[in-house]
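Take a look at the model below.

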Number of protein chains: 2
Amino acid sequence: MTKLNRKIEYSLMALQYIQQRQPSSKVTAKEVSDSVQAPFDVIARVMQIMAQKALLISEQGASGGYRLNQDLKNVSLFQLFEMIEGPTALVKCISEDGVCDNETSCNVASPLKSLNTKLNTFFKNIPLSELLAGEDSAADSITTNGERAKDLNHV
Amino acid sequence: MTKLNRKIEYSLMALQYIQQRQPSSKVTAKEVSDSVQAPFDVIARVMQIMAQKALLISEQGASGGYRLNQDLKNVSLFQLFEMIEGPTALVKCISEDGVCDNETSCNVASPLKSLNTKLNTFFKNIPLSELLAGEDSAADSITTNGERAKDLNHV
DNA sequence: TTTAATTACGACTAATTTTAACGTATTTAT
DNA sequence: ATAAATACGTTAAAATTAGTCGTAATTAAA
């Protein structure tokens with residue numbers, strides 16, 4: 001349960017790196033992969049995805065790179081999950097309709113659906129800015145109350 | 001992110017079946033596997049684990065079976081996770097100490113550790129009784145506030 | 001006391017998912 | 001032109017998960 005996808009990790013690392021470097025400085029995938037000691041290909045890939053999804057802006061060409069396109073206050077962890085992994089769910093039968101061939105005999109479908117919703121809410125209430133806040137100890141200030149992290153429109 | 005382990009699913013199915021059948025009636029693994037149309041071996045296995053962990057009581061022999069040994073109000077979803085999967089974490093470096101060979105270059109260790117804690121709290125606040133309550137719509141009443149699901153001592 | 005039903009548990013195989021690597025194309029500053 | 005970077009599809013390897021098989025131990029009942 002709840003193991004973090006490696007791609008998500010790399011995304012967070014990249015965002016953290018960009019955020020810490022400068023408000024809006026340009027950063028290359030190589031720079032990030034060197035810094036966090038992760039395979040270049042994978043870092044490059046997730047940054048491309050984040051650019052596709054408008055979280056980053058990419059500039060191609062010789063002195064290209066990426067920069068933030070959104071205030072991380074307005075992007076939730078849930079949104080990052082969806083960007084990188086696409087729509088997911090606790091169990092397949094929730095996301096893919098009609099996949100579960102024994103919905104009649106399944107006695108936990110409704111509980112799991114409800115749990116899935118709650119969990120999504122949990123992640124929706126964590127803005128990336130808060131998750132990544134402060135390299136070391138500041139990150140402990142995460143709370144899950146109230147509403148934050150407004151929806152991104154074009155993701 | 002957050003895909004539910006199949007074993008956990010089966011555990012929940014078994015618990016749901018037991019709970020719905022009778023407060024404390026005896027139930028066999030076969031009965032459960034037939035009812036929820038899951039492979040007998042796997043159902044049997046998770047029920048054995050739950051018996052080991054004192055969530056169920058098992059009776060061996062010809063007319064043996066399982067029954068609840070705990071009020072599900074006092075057992076959290078988090079505890080079930082730990083029973084079935086053992087200690088887990090969002091990322092390996094949290095659980096296994098010293099596994100992460102580049103802790104120095106990792107810029108998200110602290111945020112993820114914090115997130116991991118929050119998530120554990122989330123699951124600790126969901127008693128199995130609440131998760132499994134009401135076959136159909138009643139399960140929507142899950143909330144995550146306040147403290148519930150006291151610790152089990154011998155797990 | 002044999003038989004049948006059941007829990008108990010380890011080991012193995014198969015399937016799926018995840019992760020990483022490769023190859024090639026495109027863009028653009030120099 | 002060239003070099004450095006993004007873009008992206010395909011494939012291969014690794015790891016994890018899911019399921020099966022085999023066998024032992026326990027116990028009620030015939």
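Is A:Gln37 buried or exposed? A:Gln37 is exposed, with 12 other C-beta atoms within 10 Å. The cut-offs are these: buried means 20 or more other C-beta atoms within 10 Å of the residue's own, exposed means 12 or fewer, and partly exposed is in between, with C-beta atoms placed from the backbone. This is a predicted model: local features need pLDDT of at least 70, side-chain atom pairs count only at pLDDT 80 or more, and totals for chains, interfaces and linings use all residues. Residues are numbered from 1 along each chain as its sequence is written, while chains are lettered from A and ligands numbered from 1 in the order in which they are written.

Stay with the backbone for a moment. Most residues other than glycine have a negative phi. A:Gln37 has a positive phi, near 55°. A:Gln37 sits in the loop between α2 and α3 of chain A. A:Ala54 also has a positive phi, near 75°. Its place is the loop between α3 and β1 (56-59) of chain A. A:Ala54 counts as partly exposed, with 15 C-beta neighbours inside 10 Å.

Now the whole chain. Chain A has seven helices and two strands. Helices (H or I, at least four residues) and strands (E, at least two) are DSSP runs, numbered from the N terminus. Their order from the N terminus is α-α-α-β-β-α-α-α-α. Of the 155 residues of chain A, 35% count as buried. Two residues are in contact if their C-beta atoms, placed from the backbone, lie within 7 Å. Among contacts in chain A between residues at least 6 apart in sequence, 56% join residues at least 24 apart.

Next, the interior. A nonpolar core is a set of buried Ala, Val, Leu, Ile, Met, Phe, Trp, Tyr and Cys residues joined through C-beta atoms within 7 Å. The largest one has 80 residues, and A:Ala14 and B:Ala14 touch the most other members. Leaving aside residues up to four places away in sequence, A:Ala14 touches A:Val32, A:Ile43, A:Val46 and A:Met47.

How do the chains pair? The contact takes 40 residues from chain B and 40 residues from chain A. On the chain B side, α6(B) gives the most, with seven residues. By class, that side has 20 nonpolar, 13 polar and seven charged residues. Here Ala, Val, Leu, Ile, Met, Phe, Trp, Tyr, Cys and Pro count as nonpolar, Asp, Glu, Lys and Arg as charged, and the others, Gly among them, as polar. A rotation of 180° with 0.0 Å of shift along its axis superposes chain B on chain A, with RMSD 0.0 Å. That is the relation of a two-fold axis. Of the residues of chain B, B:Thr2 comes closest to the axis, at 2.0 Å (C-alpha). 100% of the interface residues of chain B are also interface residues in chain A, so the copies meet through the same surface.

Last, the DNA. A residue is near a strand if its C-beta atom, placed from the backbone, lies within 6 Å of it. 25 residues surround DNA strand D, the closest being B:Arg6, B:Pro39, B:Asp41, B:Gly61 and B:Ala62. α3(A) gives the most to this surface, with four residues. Around DNA strand C there are also 25 residues, and A:Arg6, A:Pro39, A:Gly61, A:Ala62 and B:Ser58 come nearest. There α3(B) gives the most, with four residues.

Notes:
Copies are superposed by least squares on the C-alpha atoms of residues with pLDDT of at least 70 in both.
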